[in-house]
Amino acid sequence: MINRTNVSRREFLATTSTGVAAAIAASPLAGAGLLNPKAGKLACSGGQPVRTKGWPPWPVWDRTAEDEILAVLRSGNWYRGQGTRVTEFERRYAELLGARSCLATASGTTALITALHTLGVEAGDEVIVSPYTFVASYNVVFMLKALPVFADTDPETFTIDPAGLEERITERTRAILPVHILGLPVEMDPIMAVAGRHGLVVVEDACQAWLAEYKNRKCGLLGTLGCFSFQNSKHLPAGEGGAVVGNDEALVDRCHAFHNCGRPHGSFSPPGNNPVRGVNFRMQEFQAVILMSQMKRLEKDTQLRGQNAQYLTSRLQEIPGIVPCKLNPGATRAVYHLYPFRYKKEFFNQAPRRRFLEALGAEGIPCSGGYGPANKDGLIEEALNSKSYQRLFSKERLDRYRQETVLPRNDQLCGEAVWFTQNMLLGTRQDMDDIADAIEKIYGNRDKLT
Ligand SMILES: Cc1ncc(COP(=O)(O)O)c(C=O)c1O
């Protein structure tokens, strides 16, 4: 382990090779020979790995859910129309977040479609979306036959840069869809200000941000509506599942109607009690039972992930060329669905990120490079060339869309990011030390990486 002294990470942020060498040489750690600990041969070159133990498993269940699952099974009331569990989960999840209303859905994807449709996003509209995200965040816009318009990412925070939003607005723009990606709260105030100036609605993709907070307010309740995912890998898992939350009960009633085949619900009863356009995006009773059992551990797990992430950051920020993610100024609680940092190859003998990931994996630390650039996803051209997009948007608009979708800072982030999965953050402090020690070892052997 590097003997930590008070060295500023800023000293290492020069980007030219001369600057890098100078920054490393200038470090007091370098003088003491401490930045080159040579903790043995790299495991990818046949040395001993830093770690051979596994990592905490996910998801984790306990016996308390079993009786309830059996009770639902034996009752035959598996559908929410006959049971009580989905409604009970909605009440409890709303209470947990401090929301006036919650609608449970079949998944995060269906929650997003429900929110966007209910807020009036129609074929031919445009929605401004974060480009550093999971494919579902922009696929839902395509499913509504609208155009996802990407605004660039701030690579330091991994989230959308609000400064680039306004220039993307056209007369067709209807909504903004910021994503609290990896559990990192987006800087929401400037986004809400842009939305207010242009009469736009805001749907927060909080599918990775259960209990995350911006200015001490829960993510998902900052915009017009917020959406969550409860898929298997998530902090609140049920195999599949999702939710729409909001403080406008009448609006969530309309979401309910849409998700239940367009049937009137609560305060929403259209003239003549006619159904409206709708789908079946309902959650099953079994999912709700699992979610209520998983909810019992969510706060404690979230605290542990937060403490471990903070400790890991304190160690990683001392390693040249490793840049932990910076939280937005208003982010009061990040929940780390993934732990992210950036890898600067200039500090690692120009070794490509792929080599770093291989070396780290070989040391017993599972890791990945995360998302690719959404704006270059093949599905975009497929959509733009489809019959419906050719009908709905002018050739001039689609050509301009292609030209404008150049996002250099998002590209940079997609090339530099490294992630650890959330279950690793449920480990011990020693587990975090293993991660940092392995990276220090690779840094010490950087001349053998390429
Ligand atoms: C950011 C983001 N948005 C949307 C989704 C879609 O959620 P689901 O997989 O539950 O449909 C996910 C799920 O992985 C996600 O991570």
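How do the residues of the shell around the ligand divide into nonpolar, polar and charged? The shell holds six nonpolar, nine polar and two charged residues. This is a predicted model.

The ligand sits in the largest pocket. Two elements give two or more residues to the shell around it: α5 (108-118) and α6 (136-143). Of these, α5 gives the most, with three residues. In total, 17 residues surround the ligand. The closest are T109, D205, Q208, S229 and K234.

| Residue | Ligand atom | Protein atom | Distance |
|---|---|---|---|
| G108 | oxygen | polar backbone atom | 2.8 Å |
| D205 | nitrogen | N or O atom in the side chain | 2.8 Å |
| Q208 | oxygen | N or O atom in the side chain | 2.7 Å |

Taken alone, the ligand exposes 380 Å². The protein buries 92% of that area. G108 uses its backbone instead.

**A three-stranded sheet**

Now to a sheet. Three strands form an open sheet in the order β9-β8-β13, and the pairing is antiparallel. Its edge strands are β9 (217-218) and β13 (331-333), each pairing on one side only. Strand β8 covers residues 213-214. Two bridges join β8 to β13, and these strands run antiparallel. Which residue stands opposite Y214 in β13? That residue is A331.

Notes. Residues numbered from 1 in each chain as written. Predicted model: local features only at pLDDT ≥ 70, side-chain atom pairs only at ≥ 80, totals over all residues. Heavy atoms only, no water. Pairing = 2+ DSSP bridges. Helix = DSSP H or I, 4+ residues; strand = E, 2+ residues; numbered from the N terminus. Near = heavy atom within 4 Å. Polar contact = N/O pair within 3.5 Å; in protein donor to acceptor, adjacent residues only side chain to side chain. Areas by Shrake-Rupley, 256 points an atom, 1.4 Å probe, with all protein chains shown as cover. 1 Å grid on protein atoms, 1.4 Å probe; cavity = no way out; pocket = protein on both sides within 12 Å on 5 of 7 lines; lining within 4 Å. Sits in = over half its atoms within 2 Å of the grid points. Nonpolar A, V, L, I, M, F, W, Y, C, P; charged D, E, K, R; others polar.
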